[in-house]
Amino acid sequence: MFVLVDMVDTVRIPPWDFHKQLNDAISEELNKKLANKVVYNVGLCICLYDITKLEDSYIFPGDGASHTKVHFRYVVFHPFLDEILIGKIKYCSQEGVHVTMGFFDDILIPPESLQQPAKFDEAEQVWLWEYETDEGAHDLYMDQGEEIRFRVTDEVFVDTSPTGPSTAPPAEDSIEKKEAPYTLIGSICEPGLGLLSWWNS
């Protein structure tokens, strides 16, 4: 779920931070820049693990700050495919079940990856599993806040960096939907590994 990623960056230390130890100032700047941010094709950055190498620092004309090339390792949330994770249902929609892990919310379980047969209850706005028993079918609702175990089946990275001003006039009735930079696609695990409260009771 969490991996260490080797990174290289040039860190700018402003003059008012020169009284700090260089490592402390660099750590603070790296965490300001990366913590809780998604790096394209890398994952969600959590925190600095360590600094492996510091190159020479330079002060450029017209800028009183120092610039240091830094090699470091960062803790990143990037589950591998087929990893089984535990989260909670945030809400349900026609797109599927949206899951949160507390620190990461962009997890979607599409309808075809739910335990079957499944259907969407429009009135309650929840997905339900029509669970067959000897006594007939029972509707097991996937309620908000339920703890759920799911398998990571895919990941989607979207480049959300600015593209510059658009030359086309914006349509009056179009509302631009903000895309998540990093989304996990999952599937409900086999019976016995899905909604934990169903099997614990």
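Predicted model: local features only at pLDDT ≥ 70, side-chain atom pairs only at ≥ 80, totals over all residues.

Colleague: Fine. How many salt bridges does a search of the whole structure find?

Modeller: Eight, where a salt bridge is a side-chain nitrogen of Lys or Arg within 4 Å of a carboxyl oxygen of Asp or Glu. Side chains of opposite charge can pair when their charged atoms come close.

Colleague: Which residues are linked in a network of them?

Modeller: D17, K20, E28, E29 and K32. K32 meets E28 at 4.0 Å, N to O, and E29 at 3.5 Å. These sit in helix α1: K32 and E28 are four residues apart, about one turn of the helix, while E29 and K32 are three apart. K20 and D17 form a bridge too, with their closest N and O atoms 3.4 Å apart.

Colleague: Is E29 buried or exposed?

Modeller: E29 counts as buried because its relative accessibility is 18%, and buried means under 20% relative accessible area, exposed over 50%, partly exposed in between (1.4 Å probe, protein chains only). K32 is exposed at 54%, and E28 is partly exposed at 33%. D17 is buried at 9%, whereas K20 is partly exposed at 27%.

Colleague: What does helix α1 lie across?

Modeller: Helix α1 (residues 22-34) lies across β1, β2, β3 and β4 (66-77), at about 135 degrees to β3. For that angle, axes are lines fitted to C-alpha atoms, for helices over the stretch in contact, and angles run from 0 to 180 degrees between N-to-C directions. Contact means heavy atoms within 4.5 Å.

Colleague: What order do the strands of that open sheet take?

Modeller: β1-β4-β3-β2, with antiparallel pairing; two strands pair if DSSP finds at least two bridges between them. β1 (2-13) and β2 (38-39) are at the edges with a single partner strand each, so one side of each has no neighbour in the sheet. β2 pairs with β3 (residues 43-59) over two bridges, and V39 has G43 as its bridge partner.

Colleague: Switching topic, where is Y182?

Modeller: Y182 is in strand β12 (residues 182-188), and at 0% relative accessibility it counts as buried. V39 is 143 residues away in sequence but 8.7 Å away in space, C-alpha to C-alpha. Beyond four places in sequence, Y182 has contacts including V38, G43, F77 and F104. Its side chain also makes a polar contact with that of E155 at 3.4 Å (a pair of N or O atoms within 3.5 Å; within protein, one must be able to donate a hydrogen and the other to accept it, and residues adjacent in sequence count only if both atoms are side-chain atoms).

Colleague: And which residues have the most contacts inside the largest nonpolar core?

Modeller: V97, I109 and F150, in a core of 23 residues. A nonpolar core is a set of buried Ala, Val, Leu, Ile, Met, Phe, Trp, Tyr and Cys residues joined through side-chain atoms within 4.5 Å. β11 gives the most to this core, with four residues. Apart from it lies another core of 15 residues, among them M7, V11, I26 and C45.

Terms used
Residues numbered from 1 in each chain as written. Heavy atoms only, no water.
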